[in-house]
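Here's a quick briefing for anyone meeting this structure for the first time. Have a look at the model, then read on.

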Amino acid sequence: MAKSSKKKPKYNQNSAIRSALRRTFSRSPIVREVLMSGRREVPKYCKDGTRAKKDSVQYKCNVCNKWVGSTKCEVDHIKPVIDNEIGFQTWEIFIARLFCNILNLQIICSDCHDKKTTAEREIAKVRRKREKDQEAQFNDSSNDPSLQATLALGRRHRRSSQLLRR
Ligand SMILES: [Zn+2]
């Protein structure tokens, strides 16, 4: 059999659990409620000018106020599920922030979502660099056992959030 050039991403358990939880959330009634709140149907016409049997459904982006088709929008957490300033904390916090109050949810178009994601990644990048620098500093200057314990905790935390980010 020919070797596929497409690389299969390495299985990551935390990432798989996170995706499963997000999928479950996306099917919850609250997501439907958000979508229904910004939904409209507009008449669609065939090439010959007659009206199509089905109208087209559009959703209003809460950021740019444009109306887009269902494939070009999603329900977004205004305050993200994982706080980029902190990183992953616990599954309890993850679930609580995922299944949040409806006021924290909005319809967002793909363009606005891409921009938001890029900005969030930037914040997370700065935080990871800061954590790395702090760790290096601690390693240089301390043999204090309590500090070493704090460091170990930080390392463990970072390792688990790194696993989750993939
Ligand atoms: Zn938008």
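In this predicted model, three strands make up an open sheet, lined up as β1-β2-β3 with antiparallel pairing. The edge positions go to β1 (39–42) and β3 (67–69): each has a single partner strand, so one side of each has no neighbour in the sheet. Going from one strand to the next, the twist averages 40°.

- β1 and strand β2, which covers residues 56–60, are joined in the antiparallel sense over four bridges.

**The β4 and β5 pair**
- Strand β4 takes in residues 73–77, and it pairs with β5 in the antiparallel sense over five bridges.
- How many residues of strand β5 (residues 105–109) are buried? Four of its five are, so to speak, under cover: the strand is mostly covered.

**A look at Phe 25**
- You'll find Phe 25 in helix α1, which spans residues 13–26.
- Is Phe 25 buried, exposed or partly exposed? Phe 25 counts as partly exposed because 18 other C-beta atoms lie within 10 Å, while a buried residue would need 20 or more and an exposed one 12 or fewer.
- Once you set aside neighbours within four places in sequence, Phe 25 is in contact with Val 31, Leu 98 and Phe 99.
- Take Phe 99 from that list: Phe 25 and Phe 99 are 74 residues apart along the chain, yet their C-alpha atoms are separated by 6.7 Å.

**The chain as a whole**
- Five helices and five strands make up the secondary structure of the chain.
- Starting at the N terminus, the elements come in the order α-α-β-β-β-β-α-β-α-α.
- The chain has 166 residues, and buried ones make up 8% of them.
- Of the contacts between residues at least 6 apart in sequence, 62% link residues at least 24 apart.
- The contact between Phe 25 and Phe 99 is one you can look up in the model, with the two residues 74 apart along the chain.

Technical notes: Residues are numbered from 1 along each chain as its sequence is written. This is a predicted model: local features need pLDDT of at least 70, side-chain atom pairs count only at pLDDT 80 or more; totals for chains, interfaces and linings use all residues. Helices (H or I, at least four residues) and strands (E, at least two) are DSSP runs, numbered from the N terminus. Two residues are in contact if their C-beta atoms, placed from the backbone, lie within 7 Å. Two strands pair if DSSP finds at least two bridges between them. Axes are lines fitted to C-alpha atoms, for helices over the stretch in contact, and angles run from 0 to 180 degrees between N-to-C directions.
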